Amino acid sequence: MTKITKFKIGICQLKVTIEKNANISQARNLIHAAAEQGANLILLPEMWNCPYSADLFAEFAENLNDINSSPSSLMLSEVAYSLGVTIIGGSIPERDASSGRLYNTCCVFGSNGELKAKHRKIHLFDMGKPLPGDVHFKESDTFSAGEKPTVVETDFGCIGIGICHDLRFPELAILYRARGAHLICYPGAFNMSTGEALWELEQRTRAVDNQLYAATCSPCRDSAGSYMIWGHSTVVGPQMGEIIGTTGHEETVLIAEIDYAKIQLTRDSFSLENQRRDNVYRFIDLHQESP
Ligand SMILES: O=C(O)CCC(=O)C(=O)O
């Protein structure tokens, strides 16, 4: 049930270094800065405690089954409680204690410090062949894929979570809309190639198709690691896929105002949900020809 419908979101475009403790402490600083500027809901980037570099994921990974053994989560829980804010905690490498597998995982903390949800990246970023600029990545060499969509009820409405490459899949956003999401938060770290071409386009499309808000949060460009990050964290509105706030590629905190009344206004003007023709394009078997 939505309680607060008009609020400020703070997006922390953090500089990620090779030192985990420094990352934790700088993330805390940016969360404080966002809260001081009036943000009640705060979003961190993908891989905020660890450079986006396959050779480091295992070393930086934490056990998220027991928050007390995860210094990154403990900080988020503490700061959410002390500032009274809700935190969508970007992502960090998770080591599952029972299977030993690694996941790219986002934890969500409520303003009482409680862990409300855990989203494991569903669509791993596996590239077929290198992009211009020799960008190459195959996440499935290191990570296992999450199996579940995540929609979490917060003081700031119903929020769907996707991590980076999850943004490229309209089906996930459609599902979140159907499950009542007002906002989809995508911590991400797009590269210089698909970042420039697709990062903004994809989030505007997810927002406008589903008539809801979308927010992305990236690490800043000069973060550690050889993978060059696009940056440009952004908040997009439901009406025309309007950009409500955006950044460059430097370390910064973006504050943007969200007003869920605009969702209803948009849906009242264009009732896409009622106009859907599910009988025509039901997603059962995309490869089967219609009778
Ligand atoms: O989908 C893309 O182009 C980039 C995705 C990505 O960088 C990631 O999932 O980490």
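Ser140 counts as exposed, because 11 C-beta neighbours lie inside 10 Å. The cut-offs are these: a residue is buried if 20 or more other C-beta atoms lie within 10 Å of its own, exposed if 12 or fewer, and partly exposed in between, with C-beta atoms placed from the backbone. Ser140 lies in the loop between strand 6 and strand 7 (150-154). Helices (H or I, at least four residues) and strands (E, at least two) are DSSP runs, numbered from the N terminus. Leaving aside neighbours within four places in sequence, Ser140 is in contact with Leu124 and Asp126. Contact requires C-beta atoms, placed from the backbone, within 7 Å. Ser140 and Leu124 are 16 residues apart in sequence, and their C-alpha atoms are 6.2 Å apart in space.

This is a predicted model: local features need pLDDT of at least 70, side-chain atom pairs count only at pLDDT 80 or more, and totals for chains, interfaces and linings use all residues. Residues are numbered from 1 along each chain as its sequence is written.

Now the whole chain. Its secondary structure comes to eight helices and 13 strands. The C-alpha atoms fill a box of roughly 55 × 45 × 40 Å, taken along the principal axes. For 291 residues, a compact globule would have a radius of gyration near 19 Å; the protein chain has 18 Å, so the two agree. That radius is taken over C-alpha atoms, and the globule rule is 2.2 Å times the number of residues to the power 0.38. Of the 291 residues, 45% count as buried. Among contacts with a separation of 6 or more, 69% join residues 24 or more positions apart.

The largest nonpolar core has 73 residues, and Cys12, Ile42, Leu43 and Ala215 touch the most other members. Such a core is a set of buried Ala, Val, Leu, Ile, Met, Phe, Trp, Tyr and Cys residues joined through C-beta atoms within 7 Å. Take Ala215. Residues up to four places away in sequence aside, Ala215 touches Ile9, Ile11, Leu43, Leu183, Cys185 and Val235.

Helix 3 is next. Its 13 residues (71-83) should span 18 Å at 1.5 Å a residue, and the end C-alpha atoms are 18 Å apart, which agrees. The expected span is 1.5 Å times one less than the number of residues. Ser72, Ser73, Met75, Leu76, Ser77 and Ala80 are the buried residues of helix 3. They pack against helix 1 (20-36), strand 3 (86-88), strand 4 (92-95), strand 5 (102-109) and strand 6 (115-120). Gly84 follows helix 3 and has a positive phi, near 65 degrees.

Strand 4 also holds Pro93. Pro93 is buried because 22 other C-beta atoms lie within 10 Å. Not counting residues up to four places away in sequence, Pro93 touches Cys50, Phe57, Phe60, Ala61, Leu102 and Asn104. Pro93 and Ala58 are 35 residues apart in sequence, yet 7.2 Å apart in space, C-alpha to C-alpha.

One of those partners, Phe60, sits in helix 2 (residues 57-60). Is Phe60 buried, exposed or partly exposed? Phe60 is partly exposed, because 19 other C-beta atoms lie within 10 Å. With residues up to four places away in sequence left out, Phe60 touches Lys20, Asn49, Cys50 and Pro93.

Turn to the ligand. Which residues are around the ligand? They are Phe125, Cys164, His165, Arg168, Ala189, Phe190, Asn191 and Thr194. The shell divides into four nonpolar, three polar and one charged. Here Ala, Val, Leu, Ile, Met, Phe, Trp, Tyr, Cys and Pro count as nonpolar, Asp, Glu, Lys and Arg as charged, and the others, Gly among them, as polar.

Cys164 belongs to the loop between strand 8 (157-161) and helix 4 (170-178). Cys164 is buried, since 25 other C-beta atoms lie within 10 Å. Its phi is positive, near 45 degrees, in a residue other than glycine. Most residues other than glycine have a negative phi.

Leu167 is also found in the loop between strand 8 and helix 4. Leu167 is buried, with 24 other C-beta atoms within 10 Å. Beyond four places in sequence, Leu167 touches Gly162, Tyr186, Gly188, Glu202, Gln203 and Arg206.

His232 also has a positive phi, near 55 degrees. His232 lies in the loop between strand 10 (213-217) and strand 11 (234-236). It counts as buried, because 20 C-beta neighbours lie inside 10 Å.

How values were computed. Two residues are in contact if their C-beta atoms, placed from the backbone, lie within 7 Å. A residue is near a molecule or strand if its C-beta atom, placed from the backbone, lies within 6 Å of it.
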